[in-house]
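Please look over the sequence and the structure shown here before reading on. The report that follows takes up a few residues and helices in turn.

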Amino acid sequence: CFLWIAQKRTGTAEPTLISRRIPGTWPAPILDSLRGKITETELADAISAERDSHRQREILTEALFYTGQKHRAQNRADEAQKYFAATVDLQVSYFIEHHLATAELDKLRHQQP
């Protein structure tokens with residue numbers, strides 16, 4: 001997911017991934033969403049399918065962050081900001097995505113007039 005986002009943020013129209021098998025389990029739905037293979041609604045459905053509420057909160061944290069990154073790469077800062085704020089609001093602070101979302105929010109605040 002980081003490789004995909006990094007390429008999109010540098011302007012690559014069609015990012016490429018390293019050649020290796022991608023498991024069909026989590027976080028495959030995030031990558032599928034980033035690649036446009038599934039919608040955000042389908043991504044939300046994948047999150048809802050997780051029955052363990054603690055784990056569901058963790059994967060929601062990841063999904064919100066990467067969806068925010070997708071919007072950021074598309075120069076849709078307002079949408080990205082909402083996703084990053086939602087990521088932080090979940091308070092899954094032991095995930096890197098929480099801290100990265102906090103940093104993205106700080107950057108966005110400093111870019112606005």
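## Aromatic residues, core and helix contact

Phenylalanine 2 is partly exposed, because its relative accessible area of 45% falls between the cut-offs: buried means under 20% relative accessible area, exposed means over 50%, and partly exposed is in between, with a 1.4 Å probe and protein chains only. This is a predicted model, in which local features need pLDDT of at least 70 and side-chain atom pairs count only at pLDDT 80 or more, while totals for chains, interfaces and linings use all residues. Residues are numbered from 1 along each chain as its sequence is written, and side-chain values use heavy atoms, with hydrogens and water left out.

Phenylalanine 2 has an aromatic partner, tyrosine 66, and their rings are edge-to-face because the centres are 5.6 Å apart and the planes stand at 75°. For such pairs, rings of Phe, Tyr and Trp (its six-membered ring) must have centres within 6.5 Å, and planes under 30 degrees apart count as stacked, over 60 as edge-to-face and the rest as tilted. The pair links distant parts of the chain, since phenylalanine 2 is in helix H1 and tyrosine 66 is in helix H4, 64 residues apart; helices here are DSSP runs (H or I, at least four residues), numbered from the N terminus. Tyrosine 66 counts as buried, as its relative accessibility is 6%. Phe2 and Tyr66 also belong to one aromatic cluster with Phe65 and Phe84.

By the ring rule the count comes to 4 aromatic pairs, and two of them are set out below.

| Pair | Centre to centre | Angle between planes | Arrangement |
|---|---|---|---|
| Phenylalanine 2 and tyrosine 66 | 5.6 Å | 75° | edge-to-face |
| Tyrosine 94 and phenylalanine 95 | 5.4 Å | 85° | edge-to-face |

In soluble globular proteins, nonpolar side chains tend to be buried together. A nonpolar core is a set of buried Ala, Val, Leu, Ile, Met, Phe, Trp, Tyr and Cys residues joined through side-chain atoms within 4.5 Å, and the largest one here has 18 residues, with Trp26, Ile30, Leu34, Leu43 and Phe84 making the most contacts inside it. At least two residues of this core come from each of H1 (2-9), H2 (28-34), H3 (40-48), H4, H5 (77-89) and H6, and H4 gives the largest share, 4 residues.

Threonine 67 is placed in helix H4 and is buried, with a relative accessible area of 4%. Apart from residues up to four places away in sequence, threonine 67 touches Glu40, Leu43 and Tyr83, where contact means heavy atoms within 4.5 Å.

Helix H4 (residues 53-73) and helix H6 (residues 96-111) have axes that come within 10 Å and cross at roughly 35°. Residues of H4, including Thr61, Phe65 and Tyr66, meet residues of H6, among them His98, Leu100 and Ala101. Histidine 98, in helix H6, is buried with a relative accessible area of 11%. Leaving out residues up to four places away in sequence, histidine 98 touches Thr61, Thr87, Val88, Gln91, Val92 and Ser93.

Aspartate 78, by contrast, is exposed, with a relative accessible area of 52%, and its place is in helix H5. The C-alpha atoms of aspartate 78 and leucine 3 are separated by 23 Å, and these two residues are 75 residues apart along the chain.

Key: Axes fitted to C-alpha atoms, helices over the stretch in contact; angles between N-to-C directions.
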